[in-house]
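This report describes one protein chain for a reader who has not seen it before. The sequence and the structure come first, and the description follows.

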Amino acid sequence: MAGSVEGDHMDVVGMWVTADGHVRQELLADGRYDEARGERRSAYTGRYTVTGSHLDYVDDTGFTATGDVRDGVLHHEHLVLYREQKPS
């Protein structure tokens, strides 16, 4: 699922997961994110903004990162995440 575009911004809300399931990044509708790493829940939390298909992240500790959605895949720094499909 490539995500829909609302205005000039891509809809990225939902769960994004690495192929091995180790990293799970939930992008919330209120502009917050919660990232789990392995068994560590909420390893990283913060806020994000979307411009087109580009994401800017600011961790609650002040650390910044970026990401881009290309062909329905989220490239977040060195990670490649896929949108988790909800069961039908």
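Strands here are DSSP runs of E with at least two residues, and helices are runs of H or I with at least four, numbered from the N terminus. The model is predicted. On that basis, Gly 62 lies in the loop between strand 7 and strand 8.

## Overall make-up

The chain has 10 strands and 0 helices. Its pattern along the sequence is β-β-β-β-β-β-β-β-β-β. The chain holds 88 residues, and 35% of them count as buried. Among contacts between residues at least 6 apart in sequence, 34% join residues at least 24 apart.

Strand 6 and strand 7 run antiparallel and are joined by 6 bridges. Within this pairing, Thr 49 stands opposite Asp 56 of strand 7. Strand 7 is also joined to strand 8, by 5 bridges and again in the antiparallel sense. Here His 54 stands opposite Asp 68 in strand 8.

Strand 8 in turn runs antiparallel to strand 9, residues 73–76, with 4 bridges between them. Arg 70 has Val 73 of strand 9 as its bridge partner. Strand 9 and strand 10 pair over 4 bridges, also antiparallel, and His 75 stands opposite Val 80 in strand 10.

| Hairpin | Residues between the strands | Residue with positive phi | Phi |
|---|---|---|---|
| Strand 6 and strand 7 | 2 residues | Gly 52 | about 65° |
| Strand 7 and strand 8 | 4 residues | Gly 62 | about 105° |
| Strand 8 and strand 9 | 2 residues | Asp 71 | near 55° |
| Strand 9 and strand 10 | 2 residues | Glu 77 | near 50° |

Most residues other than glycine have a negative phi. Glu 77, in the loop between strand 9 and strand 10, is a residue other than glycine with a positive phi, near 50°. Ser 42 also has a positive phi near 50° and is not a glycine. The place of Ser 42 is in strand 6.

Is Ser 42 exposed, partly exposed or buried? Its relative accessible area is 39%. Buried means under 20% and exposed means over 50%, so a value in between is partly exposed. Ser 42 is therefore partly exposed. The C-alpha atoms of Gly 62 and Gly 46 are 8.6 Å apart, while the two residues are 16 apart in sequence.

Strand 7 has a covered face made of Leu 55, Tyr 57 and Asp 59. His 54, Asp 56 and Val 58 make up its uncovered face.

Which residues does Tyr 57 contact, leaving aside its neighbours within four places in sequence? They include Gln 25, Leu 27, Tyr 33, Arg 47 and Tyr 48. Also among them are Phe 63, Thr 64, Ala 65, Thr 66, Gly 67, Leu 74 and His 76.

## The largest pocket

The largest pocket has a volume of about 180 Å³. Its lining is formed by Tyr 33, Glu 35, Arg 37, Tyr 44, Tyr 57, Asp 59, Phe 63, Ala 65, His 76, Glu 77, His 78 and Leu 79. Strand 5 (32–37) and strand 7 are the elements that give two or more residues to this lining. Strand 5 gives the most, with 3 residues. By residue type, the lining divides into 6 nonpolar, 2 polar and 4 charged residues.

Some residues described earlier return here.

Technical notes
Residues numbered from 1 in each chain as written. Predicted model: local features only at pLDDT ≥ 70, side-chain atom pairs only at ≥ 80, totals over all residues. Heavy atoms only, no water. Contact = heavy atoms within 4.5 Å. 1 Å grid on protein atoms, 1.4 Å probe; cavity = no way out; pocket = protein on both sides within 12 Å on 5 of 7 lines; lining within 4 Å. Points joined across faces, edges and corners; volume = space filled by probe spheres on them. Nonpolar A, V, L, I, M, F, W, Y, C, P; charged D, E, K, R; others polar. Pairing = 2+ DSSP bridges. Buried < 20%, exposed > 50% of the residue type's maximum accessible area, 1.4 Å probe, protein only.
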